[in-house]
Amino acid sequence: MNSVGEACTELKREYDQCFNRWFAEKFLKGENAGDPCVQLFKRYQLCVQKAIKEKDIPIEGLEFMGPRKGKAENSS
Amino acid sequence: MKIWSSEHVFGHPWDTVIKAAMRKYPNPMNPCVVGVDVIDRSLDNQGRLHSHRLLSTEWGLPSIVKAILGTSRTLTYIKEHSVVDPVEKKMELCSTNITLTNLVSVDERLVYTPHPENPEKTVLTQEAIITVKGVSLSSYLESLMANTISSNARKVCFCGKNSWALVLLNTMLKAQTCRIGPIVCTTFYF
């Protein structure tokens with residue numbers, strides 16, 4: 001699966017691999033003594049943040065709401 | 001506005017379903033999702049894992065719909081927030097589109113929990129609120145989306161050789177926008 005920034009795809013792949021292993025083998029088994037993928041994530045995140053900025057994707061300032069959290073009040 | 005909800009039972013334990021849910025892309029059943037990025041991820045003080053992801057999706061809009069909506073833009077973005085609680089065995093996921101919001105908003109919420117009577121099974125409850133704005137065809141489009149959500153929610157497949165590769169077509173905006181372009185996704189039946 002690609003990243004939003006073409007240049008970040010390889011960094012994403014490395015991070016995903018690390019995360020998926022930790023998630024399945026440690027986290028879900030209740031061993032969450034810390035995420036070993038922090039450094040990989042930082043590198044990947046810097047790249048993604050740059051791509052998001054360049055592509056002007058409006059992720060900032062958006063209040064994230066699930067369906068039960070109020071939109072139903074603005075019924076049309 | 002259209003509100004839709006559903007429940008589905010998977011014949012697999014919660015852990016297996018959650019692993020699959022976290023890695024459900026790339027998904028040959030849903031080729032409209034072209035990119036997935038983790039924007040932020042952290043553990044809270046209760047040991048729950050929060051993930052904020054950005055999904056990039058490519059629409060397959062027929063030209064007539066493009067003309068009505070007045071846009072030729074086919075790439076749209078969805079923001080997704082999930083919380084996994086490994087102790088309570090609960091995963092909750094909310095997603096909403098963050099582009100084309102002047103035309104349509106789709107808010108979806110999914111909750112995965114173990115089946116109350118059988119720990120070898122997992123229950124997914126799913127709800128979505130769809131609002132198409134300012135378009136004369138809005139009620140038609142909303143119904144089309146709700147129908148598509150309804151049929152996609154039951155599409156479960158096993159792919160690859162690993163049992164975790166359980167794929168559920170459940171992220172609404174991709175599903176229904178693909179369906180608006182009936183050409184794109186409706187061929188992915190099994």
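A nonpolar core here is a set of buried Ala, Val, Leu, Ile, Met, Phe, Trp, Tyr and Cys residues joined through side-chain atoms within 4.5 Å, where buried means under 20% relative accessible area with a 1.4 Å probe, protein chains only. This is a predicted model: local features need pLDDT of at least 70, side-chain atom pairs count only at pLDDT 80 or more, and totals for chains, interfaces and linings use all residues. Residues are numbered from 1 along each chain, chains are lettered from A in the order written, and side-chain values use heavy atoms, without hydrogens or water.

Start by selecting Phe23(A), Ile18(B), Leu54(B), Val84(B), Met91(B) and Tyr112(B): they have the most contacts inside the largest nonpolar core, which has 37 residues. (Helices are DSSP runs of H or I, at least four residues; strands are runs of E, at least two; both are numbered from the N terminus.)

Next, zoom in on Leu54(B). Beyond four places in sequence, its contacts (heavy atoms within 4.5 Å) include Val4(A), Ile52(A), Tyr77(B) and Ile98(B). For a second, separate core of five residues, pick Tyr25(B), Val33(B), Val36(B) and Leu55(B), which are among its members.

Now colour α1(A). Its buried residues include Tyr15(A), Phe19(A), Trp22(A) and Phe23(A), and their cover includes α2 of chain A and α1, β2, β3 and β4 of chain B.

Finally, show chain B whole: five helices and nine strands, with 60% of its 190 residues buried.

Note on methods:
Buried < 20%, exposed > 50% of the residue type's maximum accessible area, 1.4 Å probe, protein only.
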